[in-house]
Amino acid sequence: MTGRNSGKLNQLERTLPEGLLADAAWMERHGYSTSLRSQYVSAGWLVQPVRGTYKRPLGELDWQKTVVSLQKLMGRALTVGGRTALDLQGFSHYLSPTGPSTIHLYGTEPPPGWLFKLPLKESFRFHRSQVLFNTLAAEKDALQAGMLRELPGPSDWPLMASTPERALLEMLDELPGHESFHLVDMMVQSLNTLSPRRLQTLLADCRSVKVKRLFFFFADRHAPPWLKQIRREEISLGSGKRMLVRGGKLDPKYLITVPEDLGAPE
């Protein structure tokens, strides 16, 4: 190996942490040409989990390292949200004990296509933040407003994720197609320490009438301490019925259909 290539290899060991992932664009920016990458792969100094991605052979790839790689190495404005963010922050009493099977990512621009091809046991689901929020859709604006936070991640690399307040609204948006009314009901029952200030800001910025109506429906069922501090008159709930559940019962207050067997709150 030439001295130049040896130096590049030493540099790679410093700039690409074990277990993290880099794409071809990152490699190019750091001076690793296509031919040099091929040489490293042939020699076993790099492996390719899927075409167009590279990692050092040490360190097992998992979903958290993948997301950290996107956020910290590749500079993608993608945040962990919804049910996944609630799970990471300890609200996992009713979730799978083996961890999440679907990783919910939010952003204004979609992730690279290779993300969905990685050989991981978890799958990724991308959501466009601007569908749910107005001014708080972009990561920089949400972070400045305190609606995102860094959580402990793999090997001291933090993960950017939604606060519980934002994650709750993101999870509500998944009803009824991808989340269970019963699971959300139990989840809201456990969310007694949410910030009413954050909730007020998020609800005012939320574009979805469905999500806002569901929020108040579940909150009224369980009357958490923060509910009395929410200024309802400032939140627009739109007009007309929202048929969420075929054959469900219509809640006359919020004009949404909910499952007949949801039962009374505990």
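Reply: What follows is a set of questions and answers on this predicted model.

Me: What should I know about the model before reading values?

Reply: Residues are numbered from 1 along each chain as its sequence is written, and side-chain values use heavy atoms, with hydrogens and water left out. The model is predicted: local features need pLDDT of at least 70, side-chain atom pairs count only at pLDDT 80 or more, and totals for chains, interfaces and linings use all residues.

Me: How many helices and strands are there in the protein?

Reply: There are 11 helices and nine strands. Helices (H or I, at least four residues) and strands (E, at least two) are DSSP runs, numbered from the N terminus.

Me: Why is Ser69 called buried?

Reply: Buried means under 20% relative accessible area, exposed means over 50%, and partly exposed is in between (1.4 Å probe, protein chains only). Ser69 has 0% relative accessibility, so Ser69 counts as buried. Ser69 is in helix α4 (residues 63-73). Of the 266 residues of the protein, 50% count as buried.

Me: What does the side chain of Ser69 reach?

Reply: The side chain of Ser69 reaches the backbone nitrogen of Leu21 at 2.8 Å.

Me: What makes Glu150 and Lys72 a salt bridge?

Reply: A salt bridge is a side-chain nitrogen of Lys or Arg within 4 Å of a carboxyl oxygen of Asp or Glu. For Glu150 and Lys72 the N to O distance is 2.8 Å, and their side chains meet in a salt bridge. Glu150 lies in strand β6 (residues 148-151) and Lys72 in helix α4, so the pair ties together parts that are 78 residues apart in sequence. At 46% relative accessibility Glu150 is partly exposed, and Lys72, at 31%, is partly exposed too.

Me: What is meant by the largest nonpolar core, and which residues touch the most other members?

Reply: A nonpolar core is a set of buried Ala, Val, Leu, Ile, Met, Phe, Trp, Tyr and Cys residues joined through side-chain atoms within 4.5 Å. The largest one has 78 residues, of which Leu172, Phe181, Phe215 and Phe218 touch the most other members. Helix α11 (residues 209-222) gives the largest share, seven residues.

Me: How do you know that this core lies between the domains?

Reply: Domain 1 (1-56) and domain 2 (63-230) both give residues to the core, so the core lies between them. The domain bounds come from an automatic or database domain assignment. The C-alpha centres of the two domains lie 33 Å apart. Their contact (heavy atoms within 4.5 Å) takes 14 residues from domain 1 and 10 residues from domain 2.

Methods. Polar contact = N/O pair within 3.5 Å; in protein donor to acceptor, adjacent residues only side chain to side chain.
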